[in-house]
Amino acid sequence: MIPEIGQFALALALAVSLVQSVLPLIGAARNNVMWMRSASATSVLLTALVAVAFAALMWSFVVSDFTVLNVATNSHSLKPMLFKVAATWGSHEGSLLLWILILVIFGLGVSLLARNIPLKLKARTLAVQAWISAGFLSFMLFTSNPFDRVLPAPLDGQDLNPLLQDVGLALHPPFLYLGYVGFSIVFSFAVAALIEGRVDPAWARWVRPWTLAAWVFLTLGIVLGSWWAYYELGWGGWWFWDPVENVSFMPWLAGTALLHSAIVTEKRGSFKSWTILLAVLTFSLSLLGTFIVRSGLLTSVHAFSVDPERGIYILALLAVAIGGSLTLFAIRAPEMESGGLFAPISREAGLLVNNLLLATATATVLFGTLYPLLLEAVTGEKISVGPPYYNASFVPIMLVLVVVMGVGPLLSWKRADLRGVLDRLKWVAGLSLLAALVVWYLDTGGPVLAVLSIGLAVWLLGAVLTEWASRIKLGEVPLAESLRRARNLPRSHYGMVVAHAGLAVCMIGFTGSSAWKSEVVTFAEPGTQIEIAGFDVRFDGVEQLRGPNYLSRMATLTVFRNGAYVATLQPERRAYLVAGTSTTESAIRTTLAGDLYASISEPAAESEQSKWTLRILYEPLVVWIWIGSGLLALGGVLSLTDRRLRVGAPRKRAGPGSVPVAAE
Amino acid sequence: MIRRIAITAVTLATLVSQPAFAVEPDEILADPVLEERARAISKQVRCVVCQNQDIDSSNAGVARDLRLLVRERLVAGDSDQQVMDFLVARYGDYVLFNPPWKPSTYILWVAPIVILGLGGIATAAVLTQNARRYRKSRKQETERGASEERNPENHSLTEPHA
Amino acid sequence: MKRLFALFPITIAGILGAFLLWGLNPDRDPNEIPSVLISQPVPEFDLPPVDGLDTHGLSNTDLVENDGSAPIVVNVFASWCVPCRAEHAVLTRMVRDEGIRLMGINYKDKPQDARKWLDDLGNPYERIGSDLDGRAGIEWGISGVPETFVIDGAGKVVFRFVGPVLGDEAISKMRTALDQARAAGGEAS
């Protein structure tokens with residue numbers, strides 16, 4: 001009965017979303033306030049209906065209702081409750097339902113929270129959001145119904161892929177979707193603005209909190225996935241330039257560009273059409289990601305079940321959404337007048353260069369991801385584009401961006417004094433050169449890129465601090481005055497400082513763990529001793545344990561340094577009986593200096609059957625990646641709590657001497 | 001990053017007849033220099049039965065065979081390039097994660113530079129056009145006697161920006 | 001000019017969209033890797049017979065020095081490969097009814113398992129090479145078991161089929177390739 005309620009709720013939701021797609025638009029065209037206001041009511045109803053459907057599916061998983069096909073193929077009665085719940089979004093159908101739920105929640109968010117937005121813009125935005133909802137709801141009902149029954153019901157389920165039975169992965173999709181589906185509302189705002197044919201600084205300010213929220217979630221979602229890959233896959237990698245990783249990364253890059261370009265639109269009224277284009281493209285890239293993941297178009301380690309029919313349907317949705325919005329853009333963009341003027345050396349120009357580089361980086365990732373398909377279509381040849389390509393193309397672009405990032409925030413609007421700025425950064429340049437030299441001296445035979453990127457990380461960190469210090473006139477005025485200024489500096493400014501510093505911290509982590517990683521792989525028997533990165537690791541043996549739906553063999557490793565006990569590591573190998581596969585549970589000792597990482601598996605060679613393959617890695621500085629990513633997200637959150645976004649009311653600029661409103 | 005599935009289950013025919021797990025201890029060469037080269041090569045070679053993985057980290061049987069083969073060739077004195085060529089001769093360019101520089105990949109390799117170049121030209125155009133109009137407007141304002149330097153929008157560097 | 005720029009994004013999106021649509025065509029298998037062997041001579045390899053089996057071993061010379069026009073089918077199989085079992089019947093029928101010449105490469109199989117498998121199902125193979133360490137498989141560039149190759153009379157690879165030869169479509173592809181090989185062999189002799 002419950003699944004049928006869910007099914008019915010979905011069908012109703014489709015009807016409601018269709019109403020919301022049309023009524024507010026007509027209302028906006030005819031100045032009918034009632035019709036425009038209807039969008040708020042329908043978005044509440046729509047969210048409620050989708051939530052009911054989602055709850056119905058989750059309930060089916062929780063009680064293990066194996067008459068529901070989706071539950072039977074993705075769950076098992078013995079599975080721990082957390083993973084029963086998480087299995088709701090473990091399959092194509094369930095994750096699509098989550099996708100739609102987040103879509104309508106963002107619509108609801110706008111209808112409830114965005115009180116000061118003009119009614120017309122709001123009505124049109126919610127209507128556009130409803131188009132997307134209608135498209136995906138129909139996709140779900142016609143091709144991917146999560147509530148399909150199976151009769152007779154199997155006695156038990158086939159269990160979820162064990163790799164997915166993990167806390168990191170349980171959380172990864174919701175965050176990722178909150179991120180890239182969150183950009184849908186930004187897209188809707190942009191399309192609404194295109195329909196109205198008007199973009200102004202106020203528009204940029206209304207959209208900003210939504211962009212920030214989506215960006216923060218996407219950052220966390222990507223990092224969660226990366227972190228999961230790091231500890232779960234057993235060889236300590238955290239990024240593989242896999243197509244499916246790339247498609248989540250592209251909206252992030254475009255969204256980052258959007259955040260920066262929108263600042264110029266908000267502060268100076270410039271870059272209007274570019275900001276709108278980025279808003280459209282960011283969500284378009286999210287849609288492209290959804291398409292690629294769910295159509296099986298590209299060969300990836302991650303994929304949902306491949307079904308060309310679904311692919312065609314999503315592609316049609318893409319054609320309508322992206323094609324429609326870009327056509328609208330082509331019509332409206334030339335009419336948008338440019339805003340405030342600026343000199344070639346100015347904050348605006350700096351942000352323009354930032355956008356040039358981020359857009360190029362996005363395009364590079366897009367091109368690298370799709371090139372094998374393009375080539376196959378034209379010549380039939382099959383090639384692979386892997387990490388070496390991105391290291392040679394994407395990484396240099398980002399390194400240049402980091403150089404610019406050091407200078408940009410110090411430039412003033414309209415016209416800046418580049419010489420003065422560079423003069424300020426002299427000591428930072430010296431320090432980063434020194435850091436690079438030290439790394440170069442210590443790092444014998446390591447990659448040149450490592451030297452460069454550590455130098456640049458120091459550069460960025462130093463420049464961020466310099467900018468902050470100059471903002472609060474540290475050392476120029478009495479300390480008390482500096483502290484007062486520090487307190488008065490807007491949150492959004494701290495957001496920028498923290499996020500930029502976060503990237504610098506990430507860079508240190510990226511470099512450390514890829515350039516100076518060490519690894520020992522050996523057959524181990526009780527008593528085996530291994531030396532790695534100054535640690536002595538002793539293999540004490542393996543014991544069998546029983547988990548709820550798996551058998552575990554857990555090794556015990558004792559770690560010493562200079563004869564003193566440091567830690568005990570207990571990596572596991574789990575055999576999932578129903579799913580019939582095994583997973584590796586690595587054991588990691590984390591410190592700021594580096595992670596000691598251990599995993600075990602059965603040996604491949606038949607002659608070594610009584611032994612274990614033991615893999616011990618030392619990954620220097622890898623935790624800096626997670627800290628840095630956390631800072632990136634924190635920066636976004638800080639900006640989000642800025643007074644001007646909280647109050648929301650368009651604050652006219654007051655005269656000099658008032659509380660300063662910062663750039664970011 | 002939705003599912004990093006156990007690769008081999010996907011293909012209809014599977015080569016995995018034994019469990020294995022990335023590089024195995026018995027594969028490792030005694031000579032650390034050769035082993036280092038073998039690892040570097042393995043990380044650039046795509047496993048043919050996996051979805052998108054290098055042979056170094058793949059647990060497929062054929063990946064292990066290729067790892068052993070790479071080491072065998074290195075011990076026999078092949079250069080890195082010769083080993084790669086050997087693999088390409090059997091499996092095609094598909095196995096190279098680093099696409100070779102040849103007519104079918106010229107576009108791939110020059111694309112980032114071309115995109116950056118075109119974007120750079122567009123950016124430069126925007127900047128110069130803007131600068132021209134900016135200078136003009138400043139001149140007009142100066143003529144009108146309105147000193148923009150006192151305008152709160154244009155303070156010196158260390159002032160907080162409104 | 002500005003209008004032209006505004007048209008740029010939709011143009012790019014349209015082009016990419018066309019490629020994506022092409023990529024969805026149902027005949028396309030994203031996992032398939034084209035064989036580099038097509039129109040190339042068979043790779044060099046020399047495999048001993050399966051231990052304890054009467055059938056002779058297989059080497060590239062057996063495929064090159066073939067009596068002329070008759071094409072040869074080389075099938076890579078193993079007893080641990082489940083789809084091979086189904087395919088075996090099809091191949092046996094083709095040998096019996098159409099008179100194709102079938103050679104086997106027994107891939108990474110224990111000899112006793114292979115013998116038992118052939119005892120149970122029958123042995124349609126003219127020759128079987130035992131590829132214990134999978135090295136010959138690499139020479140042939142195989143990506144899985146089963147795989148089937150068609151070799152023309154001149155010892156050149158005409159066709160490769162990945163996966164079991166099952167169903168009308170697969171069998172008709174094989175027949176087309178065999179005809180092609182016969183034609184090529186006819187010209188060569």
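Colleague: Which residues is V186(A) in contact with, leaving aside its neighbours within four places in sequence?

Modeller: In this predicted model, V186(A) is in contact with V207(A), W210(A), T211(A), A214(A), A279(A), T282(A) and F283(A), once neighbours within four places in sequence are set aside.

Colleague: Let us then turn to chain C. How many helices and strands are there in chain C?

Modeller: Chain C has 6 helices and 7 strands. Read from the N terminus, their order is α-β-β-α-β-α-β-α-β-α-β-β-α.

Colleague: What radius of gyration does chain C have, and what would a compact globule of 189 residues have?

Modeller: The radius of gyration of chain C is 21 Å, whereas a compact globule of 189 residues would have one near 16 Å. Along the principal axes, the C-alpha atoms of chain C fill a box of roughly 80 × 40 × 30 Å. Of the 189 residues, 41% count as buried. Among contacts in chain C with a separation of 6 or more, 73% are between residues 24 or more positions apart.

Colleague: How many residues does the contact take from chain A and from chain C?

Modeller: The size of an interface is often given as the accessible area lost when the parts come together. In this case the description is by residues: 26 from chain A and 20 from chain C. On the side of chain A, the elements giving two or more residues are α10 (272–295), α11 (308–332) and α12 (347–379). Of the elements on that side, α11(A) gives the most, with 12 residues. By class, the side of chain A that touches chain C has 18 nonpolar, 7 polar and 1 charged residues.

Colleague: Finally, in which sense do strands β6 and β7 of chain A pair, parallel or antiparallel?

Modeller: In a regular strand the side chains alternate between the two faces of the sheet. Strands β6 (residues 572–576) and β7 (residues 581–585) of chain A pair in the antiparallel sense over 5 bridges. Within this pair, R574(A) stands opposite T583(A) in β7(A). The hairpin has 4 residues between the strands, and G580(A) takes a positive phi near 75 degrees.

Methods
Residues numbered from 1 in each chain as written. Chains lettered and ligands numbered in written order. Predicted model: local features only at pLDDT ≥ 70, side-chain atom pairs only at ≥ 80, totals over all residues. Rg over C-alpha atoms; globule rule 2.2 N^0.38 Å. Buried ≥ 20, exposed ≤ 12 C-beta atoms within 10 Å, placed from the backbone. Contact = placed C-beta atoms within 7 Å. Pairing = 2+ DSSP bridges. Nonpolar A, V, L, I, M, F, W, Y, C, P; charged D, E, K, R; others polar.
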